[in-house]
Amino acid sequence: MTATPICITCKLERTLVSIRPTRNRHEVRQYECPKCRSVFRLVVQCTPTDFDDGNFNAPALKAGAR
Ligand SMILES: [Zn+2]
């Protein structure tokens, strides 16, 4: 789902070097180009993998007691 960024100078796939959590359930990923060592930062949402877009309001998860 998340594509690896490509260094537009070298046309190489960048390497993920660090992930840091930030506010609002987002995280900052740092990608480094293996050739020119430039760093690209990307903020992505840390979504749990078992949530789909349509299921976010599904009432079934905590509705066990009735
Ligand atoms: Zn590069």
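A residue is called buried if its relative accessible area is under 20%, exposed if that area is over 50%, and partly exposed in between, as found with a 1.4 Å probe and with protein chains only. Keep this in mind at Cys10, which counts as buried because its relative accessibility is 18%.

The model on your screen is predicted, so local features need a pLDDT of at least 70, side-chain atom pairs count only at pLDDT 80 or more, and totals for chains, interfaces and linings use all residues. Residues are numbered from 1 along each chain as its sequence is written, and side-chain values use heavy atoms, with hydrogens and water left out.

**The whole chain**

Begin by selecting the protein chain, where 17% of the 66 residues are buried. The secondary structure comes to zero helices and five strands, where helices (H or I, at least four residues) and strands (E, at least two) are DSSP runs numbered from the N terminus.

**The zinc ion**

Next, select the zinc ion together with Cys7, Cys10, Cys33 and Cys36, whose SG atoms coordinate the ion at 2.3 to 2.4 Å. Donors are N, O and S atoms within 2.8 Å of the metal (3.2 Å for Na, K and Ca), and since water is not among the atoms, sites may look incomplete. Along the sequence, the donor residues follow the spacing C-x2-C-x22-C-x2-C.

What is the geometry of the site? The angles among the four donor atoms are 105 to 113 degrees, and the site is tetrahedral. Four donors count as tetrahedral if all angles lie between 85 and 135 degrees; four count as square planar and six as octahedral if opposite donors are over 155 degrees apart and all others between 65 and 115, and anything else is irregular. While you are here, click on Cys7, which is buried with a relative accessible area of 1%.

**The sheet**

Now select β3, β4 and β5, which form an open sheet in the order β3-β4-β5 with antiparallel pairing. The edge strands are β3 (15-22) and β5 (39-45), each of which pairs on one side only, and the twist from one strand to the next averages 25 degrees. Two strands are said to pair if DSSP finds at least two bridges between them.

Move to β4 (residues 26-32), which is joined to β3 by seven bridges. Here you can pick out Arg20, whose bridge partner in β4 is Val28, and then Ser18, which stands opposite Gln30 in β4. On β5, Arg41 stands opposite that residue, Gln30, while Leu42 is the bridge partner of Arg29; seven bridges join β4 to β5 as well. How many residues of β4 are buried? Five of its seven residues are, which leaves the strand mostly covered.

Finish at the hairpins, starting with the one formed by β3 and β4, where three residues lie between the strands and Asn24 in the turn has a positive phi of about 55 degrees. The hairpin of β4 and β5 has six residues between its strands, and in this turn Arg37 has a positive phi of about 65 degrees.

How values were computed: Axes are lines fitted to C-alpha atoms, for helices over the stretch in contact, and angles run from 0 to 180 degrees between N-to-C directions.
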